[in-house]
Amino acid sequence: MKRILLGWIVISCSLLIAFILALSIGPVWISFLDMSETDKLILFSLRLPRSLSAFFVGGGLALAGAIFQGLFRNPLADSYLLGISSGASLGAAAAIVLGLASPLANFTAVSLFSFLGALSALCLVFYFGRKNGEFSVFRLLLAGLGVGLFFSSIVAVFLLMAQEELKALLFFFLGGFATSSWDTTWVSLACVPIGVLVACTFARELNVLLLGEETATSSGVRAGRIQALYAILAAFLTSVSVSLAGLIGFVGLIVPHIIRIIFGADHRTLFPLTFFAGGVFLVLCDTIARIVMEPSELPVGIVTSLVGVPLFLYLLCKETSDYGL
Amino acid sequence: MGKKTVIHIQDLFFSYEENPVLQQLDFSIQEGDLLALVGPNGSGKTTLLKILLGILSPKAGRVLLDNKPLQSYAPKERAKHIAYVSQQPALNFPLTAFELVALGRYPHSGRFKAAKPDAAAVNEALKLTETIHLRERKFSTLSGGEKQKVLISRALAQSARILLLDEPTLHLDLYHQIQILKILKELCVERSAIVVAVLHELNLVSLYADKVAMLRRGIIHAFGPVREVLNETNIKEVFGVAMAAREESESGARYFIPRDRLA
Amino acid sequence: MDDKLKLFLRAVRRAIAALILAVIACPPAAAAGRSVVDDLGFQVSIPEVVTRIVSLVPTNSEMVCLLDCSRLVGGTRYDRFPEALALRVRQRQIAIIGGGFDANLEKIVQLAPALIIANGPSQQKIALPLKRMGYPVLSLWPRDLAGLKKDFSLLGEILDRKGKARRILDQVEKGFLAIVNKAKGKPRKRVYLQMWSDPLITVGNTSFPQWLLEAAGGTNIFEDMPFDSGQVGLESIIRRDPEVLIFLTGQESFVQQLTKRAGWNAIRAVQRSHICFVDESDLNRRVQFLGGLARMHDCLFSAERVGQAISSESR
């Protein structure tokens, strides 16, 4: 218990620090005590929505990763590796190309189609990842790889074939928080906290599901419904993130893993901690992305990979005993 | 004997797609019974377990629990009566033994209830299988026998009076095989629990079970007290192996030896 | 449970506070001015007096600078002409706000522009947040002479340089007509214009270079391609059999190897050795496109080839 309390304190402090850094650092260094009019404008119209976007996208992706790992009972699952992120981007791209939605006119519709794309990818991975009713790690990862590559390729074709106007629209969700503003940020503000609440509400059931569907059912858990609920939830969180900021990898893989190692696998504490940690992580990565190559920006996905992968590999070597891998 | 009938199976029929898996099943289980399900592979033992669990629904016939159809119980309600120990799952997460056993309390805890009463039940369950000293250990670091005992503890933590086990002695060394059956027997004797276990080792069945159901090709070949039903004829008919029955002079315990091993 | 709830509520409260502040924080007040419709169909309100302009694309920087370079305070890292522009950049009187796709919003805001001039649809992603913050963002996207005249005159009005704009346009049009007349009556030449050698990239029918080509008397063999630029295969080029090949300077080594590369020999242009080079800047200027146009015309029709011809030994 004490550990978890300590964890919350650390994460809250990190959250504060991360936001202070994100809001003050940039091509324009803002000190909160002495702000000019332009500073205020930059702070409230650009940096604040950007940081909030990064927080909720990072938290959402991390939580989605934790959910997938619980669902598939495997620590190597996350939206990106399972191809769900690619599904989300294909959903959005297809909607734009077919003229069903436009990021200019109705961004919410784009997110909706993104969600549909994520669900399709989920169905495919679920279908191909099962063997005799059980999820096989091997098949899951391969199915995810395949589905992800396939959908990403289709998006690439759309980009190449699109007329100039269409091409411009497609670039909209291709990545990063560089052009975040309040009208896109509010989507994450509205959607992600709901997702977190739902995830925490049924965390106990997911805990029991870790033992297998049959054992869980025998314990009184409606296994099928819980699995469907969480799968859809994870796809939802993924699609919100992708439609806002494009494909960002490794957040959903690394953050839950680290939290699990330190605080244990109980989803009731794992989910909220992972959400906040993921949010802080991405805010920090976005800040780094902004200042490293000033005035240009590094795509935030590159920063998460550069920071995250070495960490991940290190943990992989160190902690495999706990996982029976 | 005046013992209460808890589970009653009536005219059960089950099939997967077009293939019948279980047919004409009709028997009942009383309080305090340790029922062994035996039979060759594919005879439907696991399917029968799943039907008793309520995971599968019979295509015809029914299962009565306390004279009410099993299907009429809500999942959590049913879980308070029947608990299940599956074959060992591969657990990829760092749960401690305590946390794993605590999962068994699910049917009893409300959404936001405190954890204190549950901790007592969890510790009690661990004590019953003599694994209390392992509670802070990560489950995946335990030995096969220890894991099985912890899994049984989880089912015990469910405070259900009916325990269903699918091959609980598989892959276990001799010491743990005996220990587990002893624990199960004690539950039946001292707490009037019901244990239904799929077992392969006929000698263990002979020593510990009260009743035995011998299945062959989805049909009950024989059902009844183990002394009567587990005999050379039935074994030959169900398994196709000629075994000779022998009795130990002092205790009267019966065991079986393959005939071709006799001089 | 409690602390989680507390923290979550704290985050929500912060977000709401920020939202309220953002609404209150004033965008730059626009003095009453004119309302125009830009090249993408958007209605834009431009203040009466425009002193500070940020341009998001070299072609627009060129236009602004020709009229009144002192008013340009921000441009992209690719801005090179006219010469006055390059000078101001060197003297740091024009701030670099990034490239076309990755313009840095904060830098733009920091410059406190009165007007931001963007390019076509591809810059919408950057334009939108700026518009929401209250900045007038004008999309100027001239792709032929008519569009150029419209956009340049508009800029002339905005910058109060109507006279200068008209004079420049008149000159340009005169020069333009002169060349077009020279090309009149001559049979059109089929041309392949190569922007990049590996992979092979050429221009399509939405691009300015194609318009230049047609004005000079040529036909782009890939005029059926509805993009600014696109990747093509050697087979398509051979099949469409251009009479003239135009390369950008910088591709000389590629051209030296041309006859040695399989397939190129089948093309008329290679057999007749009708190959020219143009500078990238020839294609990138909008107002001052005449130089490029003239060079293209010469390439197509003059007896002396512009640039290097393939040496006879490689035939």
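The pLDDT is the predictor's confidence in each residue, on a scale from 0 to 100. The structure is a predicted model, in which local features need a pLDDT of at least 70 and side-chain atom pairs count only at 80 or more, while totals for chains, interfaces and linings use all residues. Residues are numbered from 1 along each chain as its sequence is written, and chains are lettered from A and ligands numbered from 1 in the order in which they are written.

For the complex, the predictor reports a pTM of 0.84 and an ipTM of 0.88. The mean pLDDT of chain C is 85, with 86% of its residues scoring at least 70. Helices (DSSP H or I, at least four residues) and strands (E, at least two) are DSSP runs numbered from the N terminus.

Contacts are assigned to residues whose C-beta atoms, placed from the backbone, lie within 7 Å.

Two pairs of chains touch, and the pair A and C has the most contacts. Chains B and C do not touch, their nearest C-alpha atoms being 9 Å apart. Between chains A and B, 25 residues of chain A are in contact with 26 residues of chain B. On the chain B side, α2 (75-79) and β6 (82-85) each supply at least two residues, and α2(B) gives the largest share, 4 residues. This side of chain B comprises 16 nonpolar, 6 polar and 4 charged residues, where Ala, Val, Leu, Ile, Met, Phe, Trp, Tyr, Cys and Pro count as nonpolar, Asp, Glu, Lys and Arg as charged, and the others, Gly among them, as polar.
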